[in-house]
Amino acid sequence: MANYRFIHASDLHLDSQFGVLSAEFPELAEILRRSTFDTYDRIVELCIEEKVDALLIAGDVFDSADNSLAAQLNFVSGLERLSQHGIKSFVCHGNHDPLDGWRAGLDWPEGAYQFGPEPHAIPFDETDPNSPVVTGVSYPTQEVRTNLVTQFPPPASNRPSIGLVHANVGADTGHENYAPCTIDDLTTSGYDYWALGHVHTRRELRGRNDGAPVVVYPGNSQGRHRNEKGPRGVYIVEMDEHGGVTALDFRPTDGLRWQELECAIDQLNTDQELINALDEKVRIAIDEADGRHLVYRMIMTGSGSLHNSLVRPDYTDDLQRQLNSTFAGLRPFALCEKIVDSSSTQFDRDQLASGTDFVADLLTLIDQIKSDPEQRAQLKNRAELENLFGHNRARRYLKDSDPDDSSIVELIDEAERFLLFNLIEVEDE
Amino acid sequence: MRIDAININGFGTFSDRNFGPIESPLTVVYGPNEAGKSTLLGYLRQILFGFPTGRTTENRYRIESNVQHGGSLNVTMDDGRRLIIARHTGGAAVGTVALHDDQNNPIDTSELAGLLGGATRSVFESIFAFDLRELSSFNSANNEEIASLLYGAGMSAPRMIATLELVNKAKLDIFRPGGQNQQVAQLLRQLDETESGLRTVQNQSTQYRACRREHAETEARSGEIGQSIDEVQSNRRILSRRIEAWDTWIDLRNNRGRLEKIPVFGEFPEKAISRLEDFEKNLTRARASVAQVTANHQSATDASVEEIPYESILERSIDVRKIVEQRGVFVGSVRDLPERQGELDSDETRIKEDLSTLGPDWTQQRVEDFDVTIALRDQIEQSRVALEIAEQDIRDREPEIGRIESDLIDSEQRSSEFNLESTDDDVRPANRLQLLLAVAVAVIGLILAIVGAVMESTIFIGIGIGAGVPGVLFAGYLMRTRGSQGTGISHAERGRIQENKRIVERLRGQLSRAEQAKNDSEKKQAEEYQTWHDWLKRIGLPDSLSPAGASDFLSQIDTTNGRVTVAIERRDRVLAIQKNIDEYRDLVTDVGELVEIKIDNDSVSVQAASNEISGLFDSATTAERKRGEINQSVPELATELAAVTRDLEQLENELAQLLCEGGTEDPEEFRRLANQHLQRQELENSEQILLDGLRHIMGPDYDLAKLDSELSDNSKDEMNAELVSLDSELEEMEQDRRDLNIRVGELNANISTLVDDEQASKLRAGKASLVAVLQDQAVDWSRYSLAMALLDMTRQKYEKERQPAILGRASGYFSEFTGGRYERVFSPLDESEFHVVEAGPTPQNKPTTKLSRGTLEQLYLAMRFAAVEEFGEKREHLPVVVDEVLVNFDLERAKKAAGAFGKIAESNQVLVFTCHPWIRDLFEDAVPGAGFIDLDASP
């Protein structure tokens, strides 16, 4: 029985740039800058090494808003390599790279298929009547708010079928609700495998053991900011001639990994102990990154005497410099993009809150606000956050970071730690 | 705590002064100025909290150094305990405190702070014991301890305010609406710059697409123009070839005209004229050959019969060759002969001399026969060694004999000394020495004589005889003299003489034996000599020869023998040379006669004849050889003559044949026809060459008939004009193509630049970093903003709901003092000043700085009353001691204040110091049961 193998990738976002504060390390900036290209090269290399039949890319190859020529040239260059190795490529486009965004007008090589605005079926191999048929559709423009999945034709009954589309399955993905559809739309479609793109976090909406179809978001192949932590990559899928998915393996392809590391200060008493503990955490993370570059945020947790140092911004800045002087020069490097202090003093908060003084009143107020959305909204108004997040020049850069309700709670906790540290005289000082 | 009694000593004006018992809750202590009120106030503070240390400016009230400074207080605590608190100078700067109970049992002094309710000196002085000046300087907000009392433990307003300021500053450092220098504003400026940079590179994809499209179009147009250029160039090439062909074509046309005028020949011999000329040339040559060979044949026939001079010498060719060959030997022999003869003569003279040296009976033959062998020389050597050994043997005996003789002389001298002393019967040493010398000379003389005889040396013999004979004679004389001397021995010496005689006898025996041995050796030597002489005789040498002489003699024989051998060889050679000379001369003479040459007997003449003979012989030989050759050539020449005659006939036949082929018998007619034929051939060739030239110019496939018609229709000038026009058309097209290619190059460069350009990517990376910073800043700013809002909300609530009870109490007292003019006092959290609220329909806030002095003092007194109550409720009711605090109050408010003191006195003991009788009266009126102490009254 013939088996067919393909790689399912999505959301390459070629040549999109990371917001890492790497001005001190210009060489790192260059590595960071090229990392989406390097990841794409690795995917192409993986296709060749694994001798797959095809590469399927479910949209967002690049960010058309960037209008990056390099992204388009690199992408087509990779397709040419695949073509030279006899590997087909099937590409549909999403909201970031709609058909009207391909402005460089490059010629695609033989065996590389770009889906148009209407769903269209193309077999892996014209000469093999059993080979899978890929049906895909591309966004003609960025704004596609209609359900594309329901427009897919029913698959040919006697061949393996794959649907390739950039879509938002369910409304709660945390992504823009482009080409929305439901999981029911997919399960009732008759297709064997849905190769989806759009959601950056890997999800097997229906796994191999859930019955047909298998529905997978591979996530983006390279994390691009601290909210895209952990391994990022593609799926290698193996399918028999009846469309049964016989293997579904995730393969990391990220060359640079974002991580959030935690270090508790409870048992640490001196600066040196703290530095040693941080070094240890980073070394473990480097080992776990398996040869990849690492960009991490260090979260200081727990409570202890070192909290009083950590609340000082210059102290955490020094720590960050110290870590980067140790690890950012290595190859692969480990770059600390920020140290966030979530540690607390050794105060008994309940005891403080039960008093009758100003601090008690403050803590009582904070507790009330945290438990009451209405009061949170009032606090937000009173803090006049809109002054910055609604600022006519700043708002377009901050639209994604305008704190939502849960972020407000976190910020209140941070504000509380900061205020307590400043309002309360520490006993053992 | 209340003070029941005061003991004061060595303190200001007080010396061992006691006050008390103080029993009233409120006691007015009255005294004029300088009566000691301030001293008493200071005393109470210092007893409870210690004497002032070096750093304060507080009055220590010490007056006498010899009086113990200090005192004691009898107090009753809130719990009823009665204690005595004493403090005196000594120990620490604050003095030494002592605590006792009413049974005078000491109590640990560390309990004092507890007894005072934990109040510090500053709290006590600010709230409980103060004068007018201290009343108005009361400023709780600047004193953390007081503030702590006012606002509750764990919270201080300055910390909140500092926090508020800190948060506000941090927030404003990041962002302020409308601000230009904050971090966010700076980031936004950088972002603007980056965005601006991005806009300039934003259309790269579109540009790339446009470039690629234009590139393709331009290349296509360039290709089309290239095709047109190729066509025009092809036309131009053909046209320029036609122009090039023009002259050739004209020549061809002319050639054809000339060809038409010459008749067409059928067959005509090839290369007719050259062949005709060749025939004519060959005929001439053949005829000359026939004539030459005929002449040669004739002259050879004549030469074959000529005579040769001295032809007979040819028969003596062997002798002539010998004469020629041996001529050199003959000349050498003639030259060598005298020299060789001289050498022979010299040799024979030397031989004669040698023979006379050897002896008269030595002839040349005897020398030749005498064989000098190695055995002979060995025999001589053996004899020499034997003789030498015999001689050495004799020489070896002599020292022994000499020694024995010397010993004998010594012994005999001793014997003669004995005899001289008595009978002197011994030989004198001088005589003995003389004898020994005479014997020695005789022996040496004898030996020399013998050696001289052996070596036949007369000198040795002479010396030997000359020495030996007198030696013998002298020795004989000495011996006789000795024998004639008498002997005699003294009796005392007889033993010694006898002993000496025995020694002399023994020595004489030894001497006799030694001399005998020497004689044996000499005999042996004589025998050896005899053997030697016998051997000499036997081999025929003179017997007088010593072995060395015999060796030399043999050498002489050898030398002479050698010379004899050489002389014999030389003689044979001289004879041989002479024989050669004679034979050669005879041969030359013999042959010379044959050719009539006369020869003298001298060698010069022989040599000249020899030369002449060889010359004549050579001439005859050459002439004979030539005649032989000529004889041989005559038949060959006859054959050759026949051949050349045949060749000539052949040529004449062939010429006739050629002429016949040309259709004539006349060579001149043949020549004319041949020329005409040749001309036609040349014209035909020219036509072919011209056609080839045209084909070369136009290309092999070009239709020449077409060319003919083309060129017939055009002039060369017309074609040149057309060429110029095509060139200009080409130039234009080339220019167009160059322009297009330049554009293609530009587009390639643009495309490369676009492909390689990383600026957009870098700008976006920069932008992403800036946005990340901005977002981080926004989070920080949000946190600070929220912190600010939280602080503000808490403060509002706190200020409204959480003013300390103490301020509520103070508000009550203040309202009371001011007759309701002010209703409230409160402490805003972000200010160090208290505010008062003026009563009215719309209550007005007023900072204390806006109050009159009296009202302000009333406010501070109210706050102290509140603090006293608050402190007492939580801790200990400490006594309140005030010094002239009501003097700035108007009478009405003073009365109200005095009443309030009365109320305070219900819980805390009050001591009011004043120098004003009206105040004393005021308290007497306002506080029933008030106590009274007059400081002026005697103790």
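Where in chain B is Asp16(B) found? Asp16(B) sits in the loop between strand E1 (2-9) and strand E2 (17-19) of chain B, where helices (H or I, at least four residues) and strands (E, at least two) are DSSP runs, numbered from the N terminus. Although it is not a glycine, Asp16(B) has a positive phi of about 45°.

Before I go on, a word on conventions. This is a predicted model, in which local features need pLDDT of at least 70 and side-chain atom pairs count only at pLDDT 80 or more, while totals for chains, interfaces and linings use all residues. Residues are numbered from 1 along each chain as its sequence is written, chains are lettered from A and ligands numbered from 1 in the order in which they are written, and side-chain values use heavy atoms, with hydrogens and water left out.

Let me stay with backbone geometry, now in chain A. Most residues other than glycine have a negative phi, and most peptide bonds are trans. Asp15(A), which is not a glycine, has a positive phi of about 65°, and its place is in the loop between strand E1 (3-9) and helix H1 (26-50) of chain A. At 1% relative accessibility Asp15(A) counts as buried, the classes being buried under 20% relative accessible area, exposed over 50%, and partly exposed in between (1.4 Å probe, protein chains only). The peptide bond from Ala212(A) to Pro213(A) is cis, with omega near -10°, and Pro213(A) lies in the loop between strand E11 (203-206) and strand E12 (214-217) of chain A. Another cis peptide bond joins Arg331(A) and Pro332(A), with omega about 0°, and here Pro332(A) is in the loop between helix H6 (313-327) and strand E17 (334-341) of chain A.

As for chain A overall, there are twelve helices and 17 strands, and buried residues make up 57% of its 429 residues. Its C-alpha atoms fill a box of roughly 80 × 50 × 45 Å, taken along the principal axes.

Now to the charged pairs. Side chains of opposite charge can pair when their charged atoms come close. A search of the whole structure finds 84 salt bridges over all chains, a salt bridge being a side-chain nitrogen of Lys or Arg within 4 Å of a carboxyl oxygen of Asp or Glu. In chain A, the side chains of Glu45(A) and Arg81(A) meet in a salt bridge (3.1 Å, N to O). This pair links distant parts of the chain, with Glu45(A) in helix H1 and Arg81(A) in helix H2 (residues 69-84), 36 residues apart. Glu45(A) is partly exposed, with a relative accessible area of 32%, and Arg81(A) is partly exposed, with a relative accessible area of 32%.

In chain B, Glu125(B) forms a salt bridge with Arg121(B), the closest N and O atoms being 3.7 Å apart. Both lie in helix H3 (residues 121-128) of chain B, four residues apart, about one turn of the helix. Glu125(B) is buried at 17% relative accessible area, whereas Arg121(B) is partly exposed at 22%.

Finally, consider Val320(B), which is in helix H10 (residues 317-358) of chain B and is buried, with a relative accessible area of 2%. Not counting residues up to four places away in sequence, Val320(B) touches Ile313(B), Val591(B), Ile613(B), Ser614(B) and Phe617(B), where contact means heavy atoms within 4.5 Å.
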